[in-house]
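We will go from stop to stop, with something to select at each one.

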Number of protein chains: 2
Amino acid sequence: MNTGELVELGQQLRVDSVRAAAAAGSGHPTSSMSAADLTAVLFARHFRYDFDRPDHPANDRFVLSKGHASPLMYATYKAAGAIDDEELLTFRENGSRLEGHPTPRRLPWVETATGSLGQGLPVGVGIALAGRRLDHAGYRVWVLCGDSELAEGSVWEAAEQAAYENLDNLTAVVDVNRLGQRGPTRHGHDLDAYARRFQAFGWHTVEVDGHDVDAVDRAYGEALSTRGQPTAILARTLKGKGVAAVQDREGLHGKPLPEAEDAVAELGGPRDLRIRVRPPSSDGERPARLAAEPALPRWDKGEEVATRNAFGEALAALGAARGDVVALDGEVGDSTRAEFFAKQHPERYIECYIAEQQMVAAAVGVASRGWTPYASTFAAFLTRAHDFVRMAAVSGSGINLVGSHAGVAIGQDGPSQMGLEDLAMMRAVHGSTVLYPCDANQTARLVATMAGLDGIRYLRTSRGESEVLYGPDEEFPVGGSKVLRSSGSDRLTLVAAGVTVPEALAAAEALEGEGIAVRVVDLYSVKPVDRETLHAAAEETGCLMTIEDHHPEGGLGDAVAEAFGDGRPVPRLVRLAVRGMPGSASPDEQLRAAGIDAASIAAAGRLLVGEAIVS
Amino acid sequence: MNTGELVELGQQLRVDSVRAAAAAGSGHPTSSMSAADLTAVLFARHFRYDFDRPDHPANDRFVLSKGHASPLMYATYKAAGAIDDEELLTFRENGSRLEGHPTPRRLPWVETATGSLGQGLPVGVGIALAGRRLDHAGYRVWVLCGDSELAEGSVWEAAEQAAYENLDNLTAVVDVNRLGQRGPTRHGHDLDAYARRFQAFGWHTVEVDGHDVDAVDRAYGEALSTRGQPTAILARTLKGKGVAAVQDREGLHGKPLPEAEDAVAELGGPRDLRIRVRPPSSDGERPARLAAEPALPRWDKGEEVATRNAFGEALAALGAARGDVVALDGEVGDSTRAEFFAKQHPERYIECYIAEQQMVAAAVGVASRGWTPYASTFAAFLTRAHDFVRMAAVSGSGINLVGSHAGVAIGQDGPSQMGLEDLAMMRAVHGSTVLYPCDANQTARLVATMAGLDGIRYLRTSRGESEVLYGPDEEFPVGGSKVLRSSGSDRLTLVAAGVTVPEALAAAEALEGEGIAVRVVDLYSVKPVDRETLHAAAEETGCLMTIEDHHPEGGLGDAVAEAFGDGRPVPRLVRLAVRGMPGSASPDEQLRAAGIDAASIAAAGRLLVGEAIVS
């Protein structure tokens, strides 16, 4: 396409953005119109992609970080022949693939769900990392950002990682239209302000008039020829460009144009230009990856091993057997034990430093390229990445997250380091799996099993050593549990997981000595939960007591209660959990103070078996 | 103190850090030793503080962003005479005020809990904002940061806000010791790399040898005389400085020194130098703030009003009556309706742009100075600040958080914008209050009530209009609920909140027409929950059905289940919640698709009253 055609194409994308939003009665046409020339030139001149084969290993990747500009994305797809006009006008309808914000669950050409700002660039960095360090492929990653979203710290975590990793296969295109949702951004049209920031973080920058298609074309060329560092193209644009009633005006964010037909006419009316998107530059056969059965580590019953150590050893073993496994860590690999993997498989280890949002985003990015990432940090610090985990679920991304140092059992470090709300956070993620092993062999098995699941999979590990309870050949299906003690005369079931399992066993032992038979269930699969075993325990013992090293809300107690959420008769339920705010103390003191140690469990058990209601 | 004495003081702080960690058998002496000269000079020469009156309005404020260097903080307190040597050696003991990471719950001189990295500077910015824009006081804020934590995006959100707000009362002192937990940082001792970043964000910077006490002193002086912008002092230091066995060595993070006695000897042995910390520069009488009864907005029953609008109007009214109320928003004030407050009280409104972590941190900062902040954004985007909310609870901070656009009821915008895990997140926060009103008058009352509570208070609001159900004089105590329908023959209780209340009422109406009497409870207080009303409903109707616009985990269903977590007989429980991944659709279509609309509730009710088990 020549200059004139590119200008026309930009107008067509504006027209179609206006039409789509008008048909929907909602959406963000003005935020689409500012960036229309940017995508027009990109898709017509530089982007390499096979729309018939979105999984082509050599495809470039386009990420719409400003996800609300979805009308522009869909208009561009239409111009590229991937969707037709009829589908374009289903925008935001119930059942349409063209959602308010794009998601790969619905559309095969979307790399990652966006709509929570400041996430597209971080995930784009992950894809570019995969291209450079894992795939060793020549594809490029293009991310279209808004200017407002540069206020998100996650953007600067991404900027830091991209420059540090010399990702010259990555280009961020910033649509500097100066207007956020409720008014002007901090920096307005001051492109230099953004350039200074990106340069300071090690990026090459280009400043350009985002409506001058030749200048935009040259900027993309400059990005393509820049070596050793990523490029940020800072494009001065006007929100609502091309329609006087809305152009560069406040108060029009996220609203269809008031007079859509007039606007279309002002933009020169509908067009039907077609972009012939260039194909990928190579056939890009993906090399086969090793996929053997892992030789997991094995421990003898009775050994004392921390589950975090078991995680590290199992992950290293898994990495030796499976070439698709990648590890990421937030600069605490010596604590999470991800370093065991890093030492054996440095080529598949990504050090993310203390930037948990970027760590999860990078995991989503590499997962989108077919890798199987395990991202680890302290359970407490995964809360930092909550919005990224939430959006990963919207994407339908398959990632493994591992949170170490769970609960008060860590001891002296105190509450800032204790994961006490991680189970609640991870259970509430759509389609997630939540696992909390109590011993080393169980951990190793679950680490291997996680790799094959869909969605967000979370494994919670513990800092301190604990006794190996299971043999190395025991199996631990997701959605299962283990009944560790039971008899025909059980009057109570203790439901524990992780560090509370040995406490529950000790309590049961003590109670048995007093003539009170007690069942003990190891509920290592917190989500999905083993309803059958819990239902049987309810019928046979009448009363369930959950014991968890977690706040009372959203964790094990709630998971067990949910198993009785289908209207069936419910047993009596009691939950022991961490109700206070811990301070510093030894692990044993912490468990005692929280009332989740063996003595507290036994005391509650006695009371419960004797009486109907515990305080 | 002269130069020689400052050098000696630095050594004393190292000695005491080593001794405290040795006594505890854990802790971070090496990270304390790198920064010892920095705090020595600061406290001896520049910091103005009355340790006998930590709430003195004119006190400077010191924030230890690298919270793991707590031994240094406590050693400095000892040198300042605030604690004695005996207490210093209780470090990390059960019950000691000297926790592994400092918290204001325990120690009156601590401004905010740290230990999750990258949070101290953001909160420090909030305190400096309070000083400049709210208190109009001359106090200064000094934040001691680590170099590793500059990888956190939250630091750059803070940097952006501080420069934009011209906070020349803020100084960040970065202890660039080049070593993170598991090895070297990205930038090692490259002070320029950090200086470029801070300068690009609009800060004044000073690079200095962090062990040259005169140079450090001059750097502080330069910060004090810098006008119109915050200052970052980038100090080149050595981790473990002064003890050859650990100095500048990897693998020694977070460990007591192997030979503590030898180390103390190498550092010249114990000393007992005393710092005479300079008093605040003014008496700093805090002006009295208006504290009247708010004239809350009032709506008539039957009006159609969105609860987000009611929030905005109520907050504006509260702001008119109470001079301590401050509002913050993440650049969506036109959506959350925080703009109603902003227009009436611009002097107490802080625009945080799209930086939710910084918004919550700023709220914690202004709350620490005695203000009552309300921070608002979409409920979905509060997940971005989860770790900050968690740490605010560790601090014991009293802040109000308001999440709008909750649930699938927002309609076409799709899942990225839907708060569907916010109740789970907020319930699991220690000491939190979680409120979810269904109408305008209820919202207004709860907005006013929140201000007087302790801890983290969360209010969930809705995008769409709903009918006003309650009169303007109705009262809504926290921990209460409203029984909207009941009779002696109720066979089922519907427990709803927010948008599901009108759906439950319509379902009850339909069921009554079929001869099935149903109770309806508006559970506006999700935490604490009204156990008495739920227990009565259980006894009288035998079966409770919760209906929530939230994922099934961690929300209303779990809250109701928890009310029966004390071993008492449990009713049959059924929960309707959002189990799928929504797409774009109208609000009505969304409620129907999720099975939480009136028709779905009625259908489930029929089944439940007829049979024991649903599905």
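The tour below starts at the contact between the chains and then moves to single residues.

**Before you select anything**

This is a predicted model, in which local features need pLDDT of at least 70 and side-chain atom pairs count only at pLDDT 80 or more, while totals for chains, interfaces and linings use all residues. Residues are numbered from 1 along each chain as its sequence is written, chains are lettered from A and ligands numbered from 1 in the order in which they are written, and side-chain values use heavy atoms, with hydrogens and water left out.

**Stop 1: where the chains meet**

Colour by chain and select the contact (heavy atoms within 4.5 Å). Chain A gives 108 residues to it and chain B gives 107 residues. Together the two chains bury about 8,800 Å², 50% of it on carbon and sulfur atoms; buried area here is the accessible area (1.4 Å probe) that two parts lose on being put together, summed over both.

How many salt bridges run between chain A and chain B? The count is 18, where a salt bridge is a side-chain nitrogen of Lys or Arg within 4 Å of a carboxyl oxygen of Asp or Glu. On the side of chain A that touches chain B, the classes are 38 nonpolar, 37 polar and 33 charged residues. In this scheme Ala, Val, Leu, Ile, Met, Phe, Trp, Tyr, Cys and Pro are nonpolar, Asp, Glu, Lys and Arg are charged, and the others, Gly among them, are polar.

**Stop 2: a bridge across the chains**

Next, select E331(A) and R182(B). They form a salt bridge whose closest N and O atoms are 3.1 Å apart. E331(A) sits in the loop between β7 (325–329) and α12 (333–336) of chain A and R182(B) in the loop between β3 (170–176) and α8 (191–200) of chain B, so this pair joins two chains. Helices (H or I, at least four residues) and strands (E, at least two) are DSSP runs, numbered from the N terminus.

Is E331(A) buried or exposed? With a relative accessible area of 2%, E331(A) is buried, whereas R182(B), at 27%, is partly exposed. The cut-offs are under 20% for buried, over 50% for exposed, and partly exposed in between (1.4 Å probe, protein chains only).

**Stop 3: a linked set of charges**

Show R427(A), E562(A), D558(B), R575(B) and R579(B), which are linked in a network of salt bridges. One of its links is E562(A) to R579(B), with the closest N and O atoms 3.9 Å apart. Another is D558(B) to R575(B), at 2.6 Å. D558(B) lies in helix α21 (residues 556–562) and R575(B) in strand β19 (residues 572–576) of chain B, so the pair ties together parts that are 17 residues apart in sequence. Both D558(B) and R575(B) are buried.

**Stop 4: the nonpolar core**

Now pick W203(A), L494(A), W203(B) and L494(B). Within the largest nonpolar core, which has 288 residues, these four touch the most other members. A nonpolar core is a set of buried Ala, Val, Leu, Ile, Met, Phe, Trp, Tyr and Cys residues joined through side-chain atoms within 4.5 Å. Zoom in on W203(A): beyond residues up to four places away in sequence, its contacts include L121(A), A159(A), L170(A), F198(A) and P230(A).

**Stop 5: helix α8 of chain B**

Select α8(B). Seven of its 10 residues are buried, so this helix is largely enclosed by the rest of the structure. Among the buried ones are L191(B), Y194(B), R197(B) and F198(B). The buried residues pack against α7 (153–164) and α8 (191–200) of chain A, and against α7 (153–164), β3, β4 (204–209) and β5 (231–236) of chain B. Just after the helix, G202(B) has a positive phi of about 100 degrees.

**Stop 6: backbone details**

Which bond joins K527(A) and P528(A)? A cis peptide bond does, with omega about -5 degrees, and P528(A) is in the loop between β17 (525–527) and α20 (531–541) of chain A. K527(B) and P528(B) are also joined by a cis peptide bond, with omega about -5 degrees.

Finish at R178(B), in the loop between β3 and α8 of chain B. R178(B) is not a glycine, yet its phi is positive, about 70 degrees; at 18% relative accessibility, R178(B) counts as buried.
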